[in-house]
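This report is for a reader new to the structure. Please look over the sequence and the model first.

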Amino acid sequence: VDIMSLVKAYNIPVEFSNKIMKQVENVSNEVSTADMAGRKDLRDWQMVTIDGEDAKDLDDAVSLTKEGEYYRLGVHIADVSNYVQEHSALDVEAKERGTSVYLVDRVIPMLPHKLSNGICSLNAGENRLALSCIMMIDEKGNVIDHEIAETVIKVDRRMSYTSVKKILADKDEAEREKYRELVPMFEMMEHVAGILRKKRMKRGSIDFDFPETKIILDEAGNPIEIKPYERNVATKMIEDFMLIANETVAQDYFWQEVPFVYRTHENPDEEKIKKLATFINNFGYTLHIGQDEVHPKELQKLLMKIDGTEEEALISRLTLRSMKQAKYTTECTGHFGLATNYYCHFTSPIRRYPDLQIHRIIKNCLRGRMNAKKADHYEKILPEVAKHSSEMERRADEAERETDKLKKVQYMKMHLGEEFTGVISGVTSYGFYVELPNTIEGLVHVTSLKGDYFNYSEETYELIGENSNKHYKLGQTVKVIVAGTDEIVRTIDFELADE
């Protein structure tokens with residue numbers, strides 16, 4: 001109920017209308033021979049999906065072989081546009097939703113489950129229609145050739161990140177035996193992902209390695225455990241493959257000069273970067289800012305310098321906050337964070353509308369149907385698609401953040417009066433925020449600081465006691481007691497433990 005009330009507050013549509021459900025009933029559960037006609041048949045390629053254990057909408061499969069001195073990497077994406085026709089009730093609804101929303105205890109899908117977990121999901125052992133981006137990659141991580149094609153595929157195994165991590169990082173004997181025929185491909189994938197990442201890093205791509213929050217609920221929806229959810233070798237590998245496919249597709253269609261939807265990320269705001277530079281000086285770090293702008297490589301260097309230090313989480317978060325948000329646009333203006341001139345979202349058409357939209361454009365081009373009339377049609381509709389999708393993405397992010405916050409408040413409510421050690425993660429004139437190792441954040445209000453009057457210093461982001469000259473500044477470790485929680489405004493209050 002508490003989560004549904006947030007869903008309602010954000011106006012997120014949950015149910016699908018009868019008209020749409022009727023449309024979905026007519027979609028077959030099998031891929032017919034007619035469906036496969038004229039497609040490149042890749043069913044004999046060794047291919048897997050790698051996802052979280054609980055994922056049901058599997059929209060990407062990967063394959064890799066060595067061809068002479070090159071690697072042939074295939075990123076195979078569910079061909080959702082085959083089942084969701086433009087202007088159909090289903091399409092209008094998907095466009096309206098813009099994205100699936102992943103909340104702590106449920107997914108509110110962009111497309112009904114029968115599609116997203118059924119015929120559009122790349123389930124192992126089933127024939128599936130896909131749009132494949134097949135890339136030839138050299139040892140330096142350059143894509144020297146690629147092909148984008150309509151294909152029919154059959155996934156060999158559904159793998160989980162945990163299991164691939166066991167095979168690669170832990171060298172787990174039992175796991176390696178269980179997937180024996182796939183181990184050589186996984187090892188080669190780890191190598192190729194490494195090459196791709198190294199090339200991205202070299203050009204200055206920024207990699208934020210924050211722990212996301214993993215919230216574990218019991219049957220009744222009460223939070224029983226909250227912990228950081230770390231990325232591992234398998235999650236990063238899939239990330240590397242999706243990034244290169246998205247980039248390759250964006251670059252291809254940019255040079256074809258057809259109407260398209262790009263994923264762009266503007267350079268950060270000069271003021272914010274200057275503030276960040278001032279702040280990190282406190283910790284002895286510097287940022288080189290050129291003619292009023294900063295190169296992503298500078299921020300990347302900073303993140304590498306702080307790697308493993310106590311202030312890492314803090315500076316990473318402030319760096320992230322000083323950047324703009326990425327959005328969908330019809331102009332290809334480049335992606336600052338990834339340090340690339342070409343980027344789009346191609347790999348998740350089940351859960352993001354822009355991906356579905358560009359799949360249609362790609363198929364029109366592949367089938368030689370992108371004439372002046374079609375191009376004109378897209379020129380007209382795409383600006384609105386890009387704008388609306390960006391807005392829906394923001395809404396989904398906010399709802400996700402607020403539901404996480406709510407569960408964190410409920411969790412801390414069960415720990416009132418207990419003592420925790422955390423790090424000061426934000427300082428304001430009214431107090432300071434303390435973040436605990438499990439990613440929960442609470443506020444120590446300035447009025448609860450006993451025995452002195454504290455002034456806020458804006459230059460150094462710290463609170464300073466007038467008489468005691470006691471300083472509370474970012475990155476400092478403190479012991480706190482959980483003093484109170486408020487589920488309605490979703491806040492947690494801490495007080496300092498007596499030292």
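## Basis

This is a predicted model, in which local features need pLDDT of at least 70 and side-chain atom pairs count only at pLDDT 80 or more, while totals for chains, interfaces and linings use all residues. Residues are numbered from 1 along each chain as its sequence is written, and side-chain values use heavy atoms, with hydrogens and water left out.

## Overall fold

The protein chain has 14 helices and 21 strands. Both are DSSP runs numbered from the N terminus: helices are H or I with at least four residues, strands are E with at least two.

The C-alpha trace spans about 80 × 55 × 50 Å along its principal axes. Among contacts (heavy atoms within 4.5 Å) between residues at least 6 apart in sequence, 70% join residues at least 24 apart.

## Burial and surface

Of the 499 residues, 52% are buried. Buried means under 20% relative accessible area, with a 1.4 Å probe and protein chains only.

The protein chain exposes about 23700 Å², and carbon and sulfur atoms supply 48% of that area. Accessible areas come from the Shrake-Rupley method with a 1.4 Å probe; for residues, only the protein chains shown count as cover.

## Helix 11

Helix 11 covers residues 296–306, and its buried residues are Pro296, Glu298, Leu299, Gln300, Leu302, Leu303 and Ile306. These buried residues pack against helix 8 (183–203), helix 10 (270–281) and helix 12 (312–321). Just after helix 11, Gly308 has a positive phi of about 85°.

Terms used
Buried means under 20% relative accessible area, exposed over 50%, partly exposed in between (1.4 Å probe, protein chains only).
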